[in-house]
Amino acid sequence: MDTTALQKIADQLIQARRIVVFTGAGMSAESGIATFRDKPDSLWAKFNTREMASPAGWREDKYRVWAWYEGRRGAVLETQPHAGHIAVAQLADTLRSVHGHAVQVDVVTQNVDNLHERAGSSSVIHLHGSLFAPRCAACARPGEFAPGLPDQTLTHLDPPECQHCGGYIRPGVVWFGESMPEKEFRMAEDLVDTCNAMLVIGTSGVVFPAAELPINAHQLGKFVAEINPDRSEVSGYTTVECRAKAAQGLPQLLDMLKNR
Ligand code: NAD
Ligand code: ZN
């Protein structure tokens, strides 16, 4: 654990009024959810991207795609947020009690697992959608899941029907070849513009335009800190690089702030 780097991050956070926490798949790795690119366990090492995460894959076999996402949702429901998610959720209150004025902490995540919300974070912007926000493939209205826990063993499953138009309900995630939700991305850009500090946790920084956010923050002269056990494409754009895992580094950072 790189405690010197964590101290440097704590020094900056203690002065900040607005903090953006930008997270990727590595944030959830210690909850037991596979990342996309860390082989050999990664999702893409085991599954075909085009088949499972593209509009063409959906058109080709929506039953296979729906079964896969329901399986992922089932797996996420069996896991819990870890100490790092909880530390992020407690960051604003901790800073408020240290220096007596309100601090705004917004999470901007590429993750679709809702673990930040389950840990108690109140402001979470989803850049790539959510496994828990299915919508109609035809009319885009929010859809409902079939009742009960998803069956993770199925390879094919009928998607539910839209109650408004009878269309198929599709996963509410952003697929390859689809654009990011505009409103969310704009909100994230505004947060980057107005923040004092950005924490970048567990992202490889190769998925654009999400990866523009830490780069923009750096170019705007913001304090940008990375928490990741390995170097990433974002590392070159940071003020401080902390080589640590999320579930270890973040609780330690919170303890440092509490002891100021
Ligand atoms: P990625 O898989 O490309 O990279 C994961 C990063 O996390 C790597 O840099 C790795 O070094 C780091 N990492 C691994 N273990 C870590 C740990 N314990 N603590 C901190 N960092 C750790 O992930 P990405 O950059 O988010 O890729 C983008 C895409 O993956 C996104 O589009 C996202 O929607 C999707 N995704 C989401 C989930 C999820 O919701 N949990 C899971 C897999 C993929
Ligand atoms: Zn519909």
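# Close-up views of a predicted model

**View 1. Ser-28 and the residues it touches.** Setting aside residues up to four places away in sequence, Ser-28 touches Ile-33, His-85, Asn-111, Asp-113 and Leu-115. Please keep in mind, here and in every view below, that this is a predicted model. Ser-28 sits in the loop between β1 (18-23) and α2 (43-46). Is this serine buried or exposed? With 1% relative accessibility, Ser-28 counts as buried.

**View 2. Asn-114, a residue with a positive phi.** Asn-114 belongs to the loop between β2 and α7 (115-119). Its phi is near 60°, which is a positive value in a residue other than glycine. As background, most residues other than glycine have a negative phi. The relative accessible area of Asn-114 is 17%, so this residue is buried, the cut-off being under 20%.

View 3. Which protein atoms are the donors of the zinc ion (ligand 2)? They are the SG atoms of Cys-136, Cys-139, Cys-162 and Cys-165, lying 2.2 to 2.4 Å from the ion. Angles of 99 to 118° among the four donor atoms make the site of the zinc ion (ligand 2) tetrahedral. For reference, the ideal angle for four tetrahedral donors is 109.5 degrees. Along the chain, the donors of the zinc ion (ligand 2) follow the spacing C-x2-C-x22-C-x2-C. Cys-139 and Cys-165 both lie in the loop between β4 (129-136) and β5 (169-173), so this pair ties together parts that are 26 residues apart in sequence. Cys-139 counts as partly exposed, at 29% relative accessibility. Cys-165 is also partly exposed, with a relative accessible area of 41%.

**View 4. Helices α8 and α9 packed together.** Two packed helices are described by the angle between their axes and the distance between the axes. For helix α8 (residues 182-194) and helix α9 (residues 212-219), that angle is about 25° and the axes are 10 Å apart. How do the two helices run relative to each other? Angles under 35 degrees count as roughly parallel, and α8 and α9 are therefore roughly parallel to each other. The crossing in which α8 passes α9 is right-handed. On the α8 side, Phe-185, Ala-188, Glu-189 and Val-192 take part in the contact, and they meet Glu-212, Leu-213, Asn-216 and Ala-217 of α9.

**View 5. The buried residues of α9 and the chain on either side.** Which elements do the buried residues of α9 pack against? Leu-213, Pro-214, Ile-215 and Ala-217 are buried in this helix, and the buried residues of α9 pack against β1, β2 (104-109), α8, β6 (197-201) and β7 (223-227). In the loop between β6 and α9 lies Pro-209. A cis peptide bond, with omega about 5°, joins Phe-208 and Pro-209. Most peptide bonds are trans. Just after α9, Gly-221 takes a positive phi of about 85°.

**View 6. Helices α1 and α10 crossing.** The axes of helix α1 (residues 3-13) and helix α10 (residues 246-258) come within 9 Å and cross at roughly 55°. That angle makes α1 oblique to α10. Their crossing is right-handed. Which residues of the two helices meet? Thr-3, Leu-6, Gln-7, Ile-9, Ala-10 and Leu-13 come from α1, and they meet Gly-249, Gln-252, Leu-253, Met-256 and Leu-257 from α10.

**View 7. Glu-51 and its contacts.** Helix α3 (residues 49-52) holds Glu-51. Apart from neighbours within four places in sequence, Glu-51 is in contact with Gly-57, Glu-60, Arg-64 and Val-65. How far apart in space are Glu-51 and Lys-62? From C-alpha to C-alpha they are 9.5 Å apart, and in sequence they are 11 residues apart. Glu-51 is partly exposed, with a relative accessible area of 25%.

Technical notes: Residues numbered from 1 in each chain as written. Chains lettered and ligands numbered in written order. Predicted model: local features only at pLDDT ≥ 70, side-chain atom pairs only at ≥ 80, totals over all residues. Heavy atoms only, no water. Donors = N, O, S within 2.8 Å, 3.2 Å for Na, K, Ca; no water. Tetrahedral: all angles 85-135°; square planar, octahedral: opposite > 155°, others 65-115°. Helix = DSSP H or I, 4+ residues; strand = E, 2+ residues; numbered from the N terminus. Buried < 20%, exposed > 50% of the residue type's maximum accessible area, 1.4 Å probe, protein only. Axes fitted to C-alpha atoms, helices over the stretch in contact; angles between N-to-C directions. Parallel < 35°, antiparallel > 145°, perpendicular 65-115°, else oblique. Left-handed = near helix turned anticlockwise from the far one by under 90°. Contact = heavy atoms within 4.5 Å.
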